Amino acid sequence: MAMDIIDYKIVGNDMQYVEVELDPGEAAVGEAGTMMYMEDGIVMDTVFGDGSEQQRGFLGKLMGAGKRLLTGESLFTTIFVNQGQGKKHVSFAAPYPGHIIPIHLPDVGGTLICQKDSFLCAAKGVSLGIAFQRKLGAGFFGGEGFIMQKLDGDGLAFVHAGGTVCQKILAPGEVLRLDTGCLVAMESTVDFDIEYVGKIKSALFSGEGLFFATLRGPGRVWLQSLPLSRMADRIVSASKYAQGGGSRREEGSLLGGIGDLLDGDNR
Amino acid sequence: MRRTASLAAHSFAGQCFGPDKAKGDDVLVELVPGSLVICLADGVRQAVPLTSVKLSRGGFNQTQWQFQWKQDGSNWMVILSDTNIQQKLLSSPPVGLEKEIEALKSGQRKSKLFSRLGWTIITLIILIPIALLGLFWWKADKIAEWGVEKISTAQEASLGNAIFEAQKTGLKLINPAPAQSALEEIGHKLTDGSSYQYQFYINNDPSINAFAIPGGVIVVNTGLIKASDSAEELAGVLAHEVQHVELRHSLKGMVKDLGLQALMQFAWGDYSGALPAQMAKDLSQLSFSRSQEEEADLRGFDLLVNKQINPKGMVSIYEKLEKDGGKPAVTLLSTHPDTKTRVLQLKERMVNTHSTTKPMAPLNIKWAVVKASLPQ
């Protein structure tokens, strides 16, 4: 099946959105709730499942939708079709600070394994599946859980990651150790596993947790500098509602409590 | 004869990764005796001696085979991800790679076994509590019975007293002389020889009802005495209630409802505080099961016959209650929709026992005096 080839523009620095250009008749699928704006002529349709036409029949659709539930997404995807004259634009916004990575699936061998929740939008025809992590250790301690997302097809897909994103190219046999949770996506040729940090002292005091995620090449991997969970931890611990109210982190002013009176943003 | 591997070349499509190849190149790979030949898209053929090739598994979930070798100081790798070809190579290993493929096979088997074992353990961890809960739910009656067996009569009696104390506030207990003594006379006649110490009380309440508390407290409403036309009729209801006590029906029901908590407290002998209050509340909401009612009916009937009290009274009062069944005042039978069946069963029992027993003398109680002694 021919995928829709779409042109796009990623706008913004840290809170990005992607604007996708659709020729008449072309379509894009977006994760529910990410659409930012669409131009006149684009018709929105919500479908059960992931909108790829590989799933025929009711049961197939049900399966597709069920799989999406497993990866923590909405049961429905939204399809945006250009039914007007000329090129039209629709855009999808990132849900939290970070970067949008465009990935042309043929470049990664047709399959991309990515963290669940990271899918933003794609050309219609890209199929969203689940990749089940069979290694128990990696599933439990790898930071991504047992269920990851698998994007299949030969079109363009956009995934979103927190903070700054970096792409690493791993040579055959090359190993990269990273904090569990910092992995965004990888080619299917990359081996993902976990490794115990090895020393009790660093396990307890380094603040890095007990395990590293280990990526072994060959292939490309995409890493994020700020997993949402890490940011959420910081926000919660800085909140004055944390730990039963009262305590909260200061910005480091020497004035301490008096500074609070002066900085004016306390209620 | 030892089966020799085919000498013909194995060829498959793979992806070749080298030092400056960010993307794997699609290549055709041939395994000829002694070497691995890579045919690049531009027609260049490159042969690598098999002795320097290492074969291992890798990729996401270790589903790929990786042929790895070193050339000019850098790593090269060919990835084979087609499982059909992997199977083919497994069944007829190419010459020179037999050992590696055998190792791969056992490694694959081992990791499959390990992962299966892991998942089995996880599944068991999840399933066992569910199974236990299911078993508890399914066998709740049996478990309650087993628990109830552990409770002694003395424990039951002190629990019953505590419950009775808790319920007393909601009752208007009276003891008009002829009625109270008639009740006790019938009651003691029925319960003579029992391991329970029975106590009988009259509650000033017009609804036709009587209830038993575990341990042997039996409370009869004035409404029931007024509805009975003879001492035998009251005896019929009493026999039924006595059987509820003897068969520990309410205790079983409460143990089932309160579950482990109740059992623990029984075991510790702690009846003070919350448990009796909770049980008193439970008791008022507790309805016996259909089978328990039937059991109490039939055993009660037998008890009457045993104690030489005419069981006709039991049948006639039940018939009366059945006729009045629609009225809310009759609570004795109202929770049980099949009163008709119960009456029929008793009648049947009567026909069967009549032929074997001699006629019984009526109870020597002046019923009109008893009824007259009750407050109007």
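How much area is buried between chain A and chain B, and what percentage of that area do carbon and sulfur atoms give?

1. The model is a predicted one. In it, about 1800 Å² is buried between chain A and chain B, and carbon and sulfur atoms give 65% of that area. Chain A brings 24 residues to the contact and chain B brings 21 residues.

2. Polar interactions across this interface can be listed briefly. The rule finds 6 residue pairs in polar contact between chain A and chain B, both residues being at pLDDT 80 or more. On the side of chain A that touches chain B, strand E11 (127-132), helix H2 (136-141), strand E16 (183-187) and strand E19 (219-224) of chain A each supply at least two residues. By class, that side of chain A comprises 12 nonpolar, 6 polar and 6 charged residues.

3. The interface of chain A and chain B holds 1 salt bridge by the rule applied. Its partners are the side chains of A:Asp107 and B:Lys23, with an N to O distance of 3.6 Å. Over all chains, the count of salt bridges comes to 17. A:Asp107 sits in the loop between strand E8 (98-104) and strand E9 (111-114) of chain A, while B:Lys23 sits in the loop between strand E1 (10-17) and strand E2 (25-32) of chain B, so this pair joins two chains.

4. H2(B) gives the largest share of the lining, 7 residues. By class, the lining of this pocket divides into 16 polar, 9 charged and 4 nonpolar residues.

5. Two backbone details deserve a remark. Most residues other than glycine have a negative phi, and most peptide bonds are trans. A:Gly217 and A:Pro218 are joined by a cis peptide bond, with omega about 10°; A:Pro218 is placed in the loop between E18 and E19 of chain A. B:Asp72, although not a glycine, has a positive phi of about 50°, and this residue lies in the loop between E6 and strand E7 (74-80) of chain B.

Technical notes
Residues numbered from 1 in each chain as written. Chains lettered and ligands numbered in written order. Predicted model: local features only at pLDDT ≥ 70, side-chain atom pairs only at ≥ 80, totals over all residues. Heavy atoms only, no water. Helix = DSSP H or I, 4+ residues; strand = E, 2+ residues; numbered from the N terminus. Nonpolar A, V, L, I, M, F, W, Y, C, P; charged D, E, K, R; others polar. Contact = heavy atoms within 4.5 Å. Buried area = accessible area lost by both parts, 1.4 Å probe. Salt bridge = Lys/Arg side-chain N within 4 Å of Asp/Glu carboxyl O. Polar contact = N/O pair within 3.5 Å; in protein donor to acceptor, adjacent residues only side chain to side chain.
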